Amino acid sequence: MNALAVTGGRVLHPDGRVSEADVLIDADAGRIEAVGEDVTAGREIARTLDAEGGLVMPGLVNGHTHVSMTLLRGYADDKPLESWLREDIWPVEAELTDDDIAAGAELGILEMIRSGTTTFADMYFSMDRVAEVVERAGVRARLGRGVVAVGKEEAEARADLEGSLEFARTYDGAADGRIRTAFMPHSLTTVPENLLTEGIELAAEDDLWVHLHANETTDEVEPIVEKHGVRPLEYAADRGALGPDRFLAHGVHVDGTETELLAETDTSVIHCPASNMKLASGIAPVQRLREAGVTVGIGTDGAASNNDLDLFDELRDAAMVGKIGADDASAVPAAAVVEMATSDGADAIGLPGGRIETGAAADLIVVDLEAPHLTPAHDVVSHLAYAVRGSDVRHTVCDGTVLMRDREVTTLDAATVMDRAAEHAADLVARAEE
Ligand SMILES: [Zn+2]
């Protein structure tokens, strides 16, 4: 066995317990072999990661993002979703080249590895280029090409749909299984009924997952209620868009009937608290969804509406806004957001990981707890929700491979990636403003 040992730290166990323990990893199999004291005794260890003064926990799962949008970070702020998309984001996105998308993906994935995210779900364009970066950077992802029909002729929208299905079929299982895919219609209002129904039927024939935005703003709810006389998620259910291998981003404006529908169909929701606050979309009923038995993960959404991909920010935001939303300080507690960002997130997007236990995927991070803002450590889980920052992550491991050691990313050259992304971003914006 090609053994990697993470030693000298404390471990966050799946039941929320924290204890001193080492973690033994089979690096070739990408699997956790053992967790406990003395698990390395008598073993030949090829490499060791020092976790002294730190917490070994599952790699974080960013359940919904558009990673290449890092190029648009800070380009347009302080506007509501509809005008932000139409006036700022879509005109720039129309100028995006494949090379821009690759440069943005490199930047976003670098940022995620640095801040403890090993796994993400991504919807964008030129996804073959994103997949190439995922493979090289060593992270795990569920990827899909977005289908948007707004402002397009039928033939062009249909080509989008076919491209999304084709990408999903071709890349599912790529990068030694680290890449899984999904058919990704953008949302219930940006893809017409016939294409949505047809695309989901075709995806189901090939057992492909489905991911879309849903109930993000009231502007996405009212047109469906007016046109079809049912709530958006009833409309989605009738078109096959709900089910155990489907997950929805946002779920902000979800009523009681829709909550039941999500639970009954075992459809997961990815909560994006920062994006929802920044675009004033509303407050997702996370406490109600969880109480109903819906699996809820956490996502950053794209960097242009966040504006970073540090998932620890999102844990804090989810806990805070969850309390405001429920008008109850005990709602969405620390342990809940930690679950949402780890095991529940992995389950929501159907990827392995999210747990430090024997047999689990070796996707883990070590958080340095020796810092003023993390002292004293009365309750480490509380710190993860309310005080830890992405910059506290010391090591990142995915699929048994060390992606960052002592804050140095090993699979991407940070300086080159940042230079290249800044250059592509400047050229892109210049073209769009011409
Ligand atoms: Zn999104």
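## Annotated binding site

In an unreviewed entry, UniProt lists His64, His66, His213 and Asp301 under "binding site". These residues span 238 residues in sequence, yet no two of their C-alpha atoms are more than 11.9 Å apart, so they gather at one spot. His66, His213 and Asp301 are included in the lining of the largest pocket. His213 belongs to strand β12, residues 209-214.

The model described here is predicted.

## Packing of α2 and α15

Two packed helices are described by the angle between their axes and the distance between the axes. For helix α2 (residues 98-114) and helix α15 (residues 414-433), the angle is about 135 degrees and the axes are 9 Å apart. The two helices are therefore oblique to each other, and their crossing is left-handed.

On the α2 side, the contact is made by Asp99, Asp100, Ala103, Glu106, Leu107, Leu110 and Arg114. On the α15 side, the residues are Ala414, Val417, Met418, Arg420, Ala421, His424, Leu428 and Arg431. By class, this contact of α2 with α15 has eight nonpolar, six charged and one polar residues.

## Backbone features in loops

Most residues other than glycine have a negative phi, and most peptide bonds are trans. Ala175, in the loop between α4 (154-171) and β11 (179-185), has a positive phi near 55 degrees.

A cis peptide bond joins Asn306 and Asn307, with omega about 10 degrees. Asn307 is in the loop between β15 (296-298) and α11 (311-326). A cis peptide bond also joins Thr375 and Pro376, with omega about -5 degrees. Pro376 is in the loop between β16 (364-368) and α14 (380-386).

Notes: Residues numbered from 1 in each chain as written. Predicted model: local features only at pLDDT ≥ 70, side-chain atom pairs only at ≥ 80, totals over all residues. Heavy atoms only, no water. Axes fitted to C-alpha atoms, helices over the stretch in contact; angles between N-to-C directions. Helix = DSSP H or I, 4+ residues; strand = E, 2+ residues; numbered from the N terminus. Parallel < 35°, antiparallel > 145°, perpendicular 65-115°, else oblique. Left-handed = near helix turned anticlockwise from the far one by under 90°. Contact = heavy atoms within 4.5 Å. Nonpolar A, V, L, I, M, F, W, Y, C, P; charged D, E, K, R; others polar. UniProt positions renumbered as here; feature names shortened; annotations may be inferred. 1 Å grid on protein atoms, 1.4 Å probe; cavity = no way out; pocket = protein on both sides within 12 Å on 5 of 7 lines; lining within 4 Å.
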